[in-house]
Amino acid sequence: MTRTNVSAIDDRQAAAQVKARPTTGADVLVESLVRHGVEVIFAYPGGASIPLHQALTRYRDRIRTILPRHEQGGIFAAEGYARVTGKPGVVMATSGPGALNLVTGLADAKLDSIPLVAITGQVPTHVIGTDAFQETPMIEVCRAITKHHYLVQSAKDVARIVKEAFHIANTGRPGPVLIDIPKDIQNTLVPRPDYDPPMDLPGYRLPPAPSPEKIRDVLAMIKASQRPVIYCGGGILASNAYESLREFAEKAGIPVAMTVHGLGAMPSEHYLSLGMLGMHGTVYANYAVNEADLLLAVGVRFDDRVTGKLAEFAKHGKIVHVDIDASEINKNKTAQIALNTDAKAFLDAITPLATAGDFRAWHKQIDEWKATEPMAYDQRDDVILPQYVIEQFSALTRGEFLMATGVGQHQMWAAQWTRFNRPRTWITSGGLGSMGYGLPAAMGAQAAFPDALVVDIDGDGSFLMNIQELATVYCEKLPVKVIVLNNQHLGMVVQWEDRFHEGNRAHTYLGPVHLPEAIGQGEGELPEYIYPDFVEIARGFGIASRQVRQKSEVVDALKEMIAHPGPYVLDVLIPYQEHVLPMIPAGGTVRDIIKS
């Protein structure tokens, strides 16, 4: 008998054993994941989740279980997976400390409207509330940072709860849903599981399609305007409305400004694209919104990093606000016309009726702003400026990449200098601003698209926070590329220290405290001594790595990184006193833009 035949017999026997085996609550949960199209789960085991992991081993031919090296890495990876696919990311952890390590990711997903299903093991039902080993009240802890949450109290409810969780996570305004399942429920036998039970969601209603009357009112407002701007955000991506947005903008001739989560909704090179607006947005996007007589706000929440001083934001024009979440309407800024509806439904309803307005004078004004206030940086040859690195990466890859970032200056430079040609290629933590996000989020994106070029643009501080996930990308064969823009400091805080605190360094240097940089006595360029040595750390994880100190090396190093078949860490040393510009100070207005 050949080895192939033996293997086939073993597979059939294993399948028969699974079929004959009594079905437990853990089996029902994992089978339910399969039936909801889950292909990848990021899961770290522990005592209270052992039955769930045992069940996963029986479904390894249908679900890939990726073992992160920290639960926070797992949930950030699930977010990355969700952002690039549009499907809910799934993460699993044990009770107590394992479950609590998911909290930052749950809050991050809630603020950024990312669909997630987080499953946590819990201590057995009969000891809940007794301070049992590794017990934490996850529902109470996470009540305010999840879209919905369940403490499973009967194994018969598992299939229904999973069905409801996926519906809630990805319907309407997406968000995270927590399923906390006690260990005894995982082990309870379920004789005849019903995998398609009726859902019990009293009060959960989606808003209707926009009414014809409201559409006519918006069209009339556009017709009466002379300086309209579309202000769009993550809601465009969440509702898969990017093609609809482009069609409407082109047909009506209206320029488009994007939030940090709206990047990719319009190609960067599109003639109607104003790029990113807000604190670190383009000068011309901020000027345009400030001077607009009509602001079409679609899938946005008027976040403070966009608006600055609310009373001054877009005060010269009328506002149309379209959002799936009724709680966002008139929350921060009052709209003359408010539509609580899906962004795609709105755009698909208005586009057939839209006509091109005579906005030639407005386009001319915007073109003048673009010419006189372009995005620019110093063309220095003595150091490597971060903008140059990102601009060169963008040019080499021509938009064929998935890009994640950590949080800080590097994140904003990436947003400013990357050319995005397609939606769902930009993965970043916006609302919560979670450092340590970049590497695990890239890991999740790579798991979703194994053959794609996936890069994490990171800072040294942010990279260190979840650097252990280098083990995951190596062991799971995820060829993630990491570009560390290494300035040895918490760069964004340093920038605020320089601008608003007379350069007083307050624990923002990441090297040894005896060096002069620790108290702001450095020369502004990189010292010879760099701490830690990311090249050696990466190699310790089995990952190719290279450090770059000279500008002349950058392009070749990028090419080497891109061509490398496995994961790669490119450590690029940059001066720590380089600032992200332009910048509108927090609570400021367009009049306060810092340009140099």
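User: Which residues of α2 meet α3?

Analyst: Start with the residues in contact, then turn to the geometry. This is a predicted model. A26, D27, L29 and V30 of α2 meet P51, L52, A55 and L56 of α3. By type, the residues of this contact split into 7 nonpolar, no polar and 1 charged.

User: At what angle do α2 and α3 pack?

Analyst: Helix α2 covers residues 25–35 and helix α3 covers residues 50–57. They pack at about 55°, and their axes are 8 Å apart. Angles of 65 to 115 degrees would count as roughly perpendicular, and those under 35 as roughly parallel. The two helices, α2 and α3, are therefore oblique to each other. The crossing of α2 past α3 is right-handed.

User: How do α4 and α19 pack?

Analyst: Helix α4 (residues 71–85) and helix α19 (residues 438–448) pack at about 50°, with axes 6 Å apart. α4 and α19 are therefore oblique to each other. Their crossing is right-handed. On the α4 side, the contact is made by G73, F76, A77, G80, Y81, V84 and T85. On the α19 side, the contact uses P440, A441, M443, G444, A445 and A448. The residues of this contact divide into 9 nonpolar, 4 polar and no charged.

User: Now the cores. Which residues touch the most other members of the largest nonpolar core?

Analyst: First the general idea. In soluble globular proteins, nonpolar side chains tend to be buried together. Here, the largest nonpolar core has 98 residues, and I236, F248 and I483 touch the most other members. Helix α13 (residues 283–291) gives the most to this core, with 6 residues.

User: What does I236 touch?

Analyst: Leave out residues up to four places away in sequence. I236 then touches A241, Y242, L245, A265, V298, A343 and L347. Another core, of 49 residues, lies apart from the largest one. Its members include F76, I427, F463 and I467. F76 is also one of the α4 residues in the contact with α19.

User: Where is I50, and how does I50 score?

Analyst: I50 is in helix α3. I50 has a relative accessible area of 41%, so I50 is partly exposed. I50 and A249 are 199 residues apart in sequence and 52 Å apart in space, C-alpha to C-alpha.

User: What about S327?

Analyst: S327 sits in the loop between β11 (318–323) and β12 (337–340). With a relative accessible area of 47%, S327 is partly exposed. S327 and G540 are 213 residues apart in sequence and 49 Å apart in space, C-alpha to C-alpha.

User: How many residues of α18 are buried?

Analyst: Helix α18 (residues 409–417) is mostly covered, with 9 of its 9 residues buried. Among them are H410, M412, W413 and W417.

Terms used. Residues numbered from 1 in each chain as written. Predicted model: local features only at pLDDT ≥ 70, side-chain atom pairs only at ≥ 80, totals over all residues. Heavy atoms only, no water. Axes fitted to C-alpha atoms, helices over the stretch in contact; angles between N-to-C directions. Helix = DSSP H or I, 4+ residues; strand = E, 2+ residues; numbered from the N terminus. Parallel < 35°, antiparallel > 145°, perpendicular 65-115°, else oblique. Left-handed = near helix turned anticlockwise from the far one by under 90°. Contact = heavy atoms within 4.5 Å. Nonpolar A, V, L, I, M, F, W, Y, C, P; charged D, E, K, R; others polar. Core = buried A, V, L, I, M, F, W, Y, C linked by side-chain atoms within 4.5 Å. Buried < 20%, exposed > 50% of the residue type's maximum accessible area, 1.4 Å probe, protein only.
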